[in-house]
Amino acid sequence: MIRYALAAAVVAAAPLAAQSPLRMSFWGAASQEIVQSRIGGVRERLSGTMLSGEGVLGGERIVLRLRYGQGTLKGEGAIEPRELVEGEVLLGYRAASWLTLWAGPNARAYTAGGADQRWLFWSGRATLRGTLLPGRMQSFVELWKSAGGSVTRPDGAASGRGAEAGLEMRLSGQTLWGRLAYRVEQGLGDGDLRDVVETLAFSIAYVPPR
Amino acid sequence: MTRFVIVLTVALVTFAAPLRAQSADALLAQGIRAYQQQEYPGGAWLLRRALSLQGSAALSPAETARALMYLAATELSRDQRDSAIAAAQRLQALDSRYRPDERIFGPPVVALFQDAQRSAPARSGGAGAPVATATPRGNTIAIRPVGGEDRAFRPGTGAFLLRITAPAPAEVSATLTGPDGRAIRTLFAGLVRDSIDLRWNGLDIAGNVPAPGRYLVTVSPVGRDRRAGWSLRLPLEVTRTAVDTLTLPPPPADSLYRAERGTYGRAWRSLVPGVLAGAAIVVLPGIIANGEEASSARLIIGGTVTVAGLAAFLSQRPGRTISVNSAHNRNLQERWRRDVADITRRNAERLRQSQLVIRAGAPTYSPSEAP
């Protein structure tokens with residue numbers, strides 16, 4: 001349902017973006033997720049495919065980024081499969097052409113056997129971009145660290161940090177872009193609770209002409 | 001002996017002048033008689049001869065007025081209305097209070113004078129339109145604006161009117177020159193019989209609206225009259241009513257252009273972000289999630305990003321033409337040129353919709369002008 005809503009939003013917003021001074025881009029991604037969970041000395045490794053969507057909307061300085069994704073993770077042996085849902089809402093400030101600072105919440109939820117575990121982080125981020133070929137290719141590195149957070153099952157405070165790096169390049173014309181990225185995040189909770197998520201993602205973006 | 005010479009000189013001066021004056025008077029009298037006998041072509045010729053005499057043989061102002069009055073009536077009677085109006089306006093220029101004697105001249109002649117008064121420009125003192133005349137071989141050629149000295153009209157649709165009058169056929173050209181002396185248009189070239197009205201539609205030969213400034217209409221003889229060596233000049237002050245035009249876009253700023261040839265600086269600036277991002281992908285798991293085994297698949301992505309940086313470095317190495325940047329710069333220039341052409345076209349359209357205001361100055365006669 002949420003996927004359909006995102007798709008509808010993209011279709012509806014594209015004509016608006018073409019007429020306004022706002023910058024917009026809409027990303028769709030397929031990614032391979034690798035999750036390593038540890039609690040009380042018990043380790044689990046799961047992996048699976050996730051589909052996600054991302055929208056970036058902003059003017060010259062202020063930017064809003066929304067990201068949502070979901071998928072299924074499977075473990076080896078008797079490990080019960082998990083449904084994974086991720087999302088983030090970030091407000092950014094484009095301090096320079098190569099630097100954007102972000103703040104906002106990001107959350108992740110696993111559902112297995114009718115029970116779920118939720119991670120919520122309030123984070124600050126910095127995205128650094130470098131141009132490889134002007135107007136055609138750029139690399140980026142994004143680092144984040146949480147200022148606060150929480151986790152359920154077991155309930156408690158949580159902290160986290162993460163990084164993402166990759167390459168963005170224009171695929172066709174002025175409107176179609178592609179992104180190859182690697183993301184790694186770690187969440188820490190009370191009582192030796194640790195959750196490490198790696199993402200290998202390939203995304204395609206539609207950037208409406210201005 | 002000395003006394004004899006003095007007496008002879010005085011006698012010559014005393015008797016010769018009336019003899020010459022009498023000849024102008026005689027021509028006038030014969031012209032009037034010809035009018036009364038309805039011999040209009042001959043009458044017109046006699047009256048013009050009388051009017052063309054110069055110096056001491058010239059008619060007195062009162063006789064000149066009388067001659068012009070009869071000339072106007074004669075020309076009207078032989079259906080040369082433009083010449084008749086020209087004569088009437090010359091008479092009004094000579095004596096603005098002059099009125100035809102209704103006991104001698106019929107209603108058509110009186111009406112002609114009223115028309116001449118109406119068509120004369122509104123000048124202080126009520127004088128007629130500015131007229132300059134050239135008199136090659138006794139043919140009084142004149143140029144003057146028609147319908148007043150000032151005229152406002154839309155270029156291409158309205159027109160500024162000039163009239164050249166020549167009682168005897170004359171081959172002339174009328175050329176409009178711009179403030180820089182270059183010819184804008186040839187308004188006329190050919191034979192003038194009696195009179196001809198010239199129209200300038202406010203456009204140059206290419207169909208453009210000329211810039212405001214001082215223009216000049218020069219009438220000079222051509223063809224077999226070419227050697228006469230005179231010209232009539234009518235200055236025109238051309239202005240335009242205010243019109244809102246769009247400002248042309250400035251050329252693209254230098255900062256928008258991209259280097260078309262690679263340099264070491266640019267090549268390194270392309271390499272560094274690629275290599276750093278590739279390295280970050282390799283080392284970040286160890287920093288972010290120390291102790292966990294990271295996926296080796298990340299090395300493929302890290303390697304891809306690094307290779308992309310290397311490729312970017314090579315594509316922008318010193319001296320190499322960067323075709324992408326060349327295309328970008330070309331597009332930038334072409335887009336700017338298109339915008340300029342578009343706005344220029346729209347401004348020209350707006351200027352075409354505005355009114356051209358033309359004020360005729362005092363025409364002058366130059367006897368020494370070589371054609």
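## Chain A

In this predicted model, chain A has one helix and ten strands as its secondary structure. Read from the N terminus, its elements follow the order α-β-β-β-β-β-β-β-β-β-β. Chain A has 210 residues, and 45% of them count as buried. Among its contacts with a separation of 6 or more, 54% are between residues 24 or more positions apart.

The mean pLDDT of chain A is 88, with 90% of its residues at 70 or more. Residues 15–19 of chain A have a pLDDT below 50. In the model, this stretch makes seven contacts beyond near neighbours in sequence. Where pLDDT is low, the predicted coordinates should not be read in detail.

## Chain B as a whole

The secondary structure of chain B consists of eight helices and nine strands. Chain B has 371 residues, of which 42% count as buried. When contacts in chain B between residues at least 6 apart in sequence are taken, 68% of them join residues at least 24 apart.

## Helix α1 of chain B

Helix α1 of chain B covers residues 2–36, and B:Ala34 lies in it. Is B:Ala34 buried or exposed? The cut-off for buried is under 20% relative accessible area. B:Ala34 has a relative accessible area of 5%, so it is buried.

Leaving aside residues up to four places away in sequence, B:Ala34 touches B:Glu39, B:Gly43 and B:Leu46. B:Ala34 can also be compared in position with B:Ala44: the two are ten residues apart in sequence, and their C-alpha atoms are 8.5 Å apart in space.

## Helix α3 of chain B

Helix α3 of chain B spans residues 61–77, which is 17 residues. From its first C-alpha to its last it reaches 24 Å, close to the 24 Å expected at 1.5 Å a residue. Just after α3(B), B:Asp79 has a positive phi of about 65 degrees.

Why is α3(B) described as largely enclosed by the rest of the structure? Twelve of its 17 residues are buried, and therefore the description applies. The buried residues include B:Thr64, B:Leu68, B:Met69, B:Tyr70, B:Leu71, B:Glu75 and B:Leu76.

B:Ala65 is another residue in helix α3 of chain B. Its relative accessibility is 6%, so B:Ala65 counts as buried. B:Ala65 and B:Asp95 are 30 residues apart along the chain, while their C-alpha atoms are separated by 7.7 Å.

## Helices α6 and α7 of chain B

Two packed helices are described by the angle between their axes and the distance between the axes. In chain B, helix α6 (residues 264–288) packs with helix α7 (residues 298–315) at an angle of about 170 degrees, and their axes are 7 Å apart. Angles over 145 degrees count as roughly antiparallel. The angle therefore makes α6(B) roughly antiparallel to α7(B).

Which residues make the contact? From α6(B) they include B:Ala267, B:Trp268, B:Leu271, B:Gly274, B:Val275, B:Gly278, B:Ile281 and B:Pro285. From α7(B) they include B:Arg298, B:Leu299, B:Ile301, B:Gly302, B:Val305, B:Thr306, B:Gly309 and B:Phe313. Sorted by class, the contact of α6(B) with α7(B) has 15 nonpolar residues, six polar residues and one charged residue.

Conventions: Residues are numbered from 1 along each chain as its sequence is written. Chains are lettered from A and ligands numbered from 1 in the order in which they are written. This is a predicted model: local features need pLDDT of at least 70, side-chain atom pairs count only at pLDDT 80 or more; totals for chains, interfaces and linings use all residues. Side-chain values use heavy atoms; hydrogens and water are left out. Helices (H or I, at least four residues) and strands (E, at least two) are DSSP runs, numbered from the N terminus. The expected span of a helix is 1.5 Å times one less than its number of residues. Buried means under 20% relative accessible area, exposed over 50%, partly exposed in between (1.4 Å probe, protein chains only). pLDDT is the predictor's confidence in each residue, from 0 to 100. Contact means heavy atoms within 4.5 Å. Axes are lines fitted to C-alpha atoms, for helices over the stretch in contact, and angles run from 0 to 180 degrees between N-to-C directions. Angles under 35 degrees count as roughly parallel, over 145 as roughly antiparallel, 65 to 115 as roughly perpendicular and the rest as oblique. Ala, Val, Leu, Ile, Met, Phe, Trp, Tyr, Cys and Pro count as nonpolar, Asp, Glu, Lys and Arg as charged, and the others, Gly among them, as polar.
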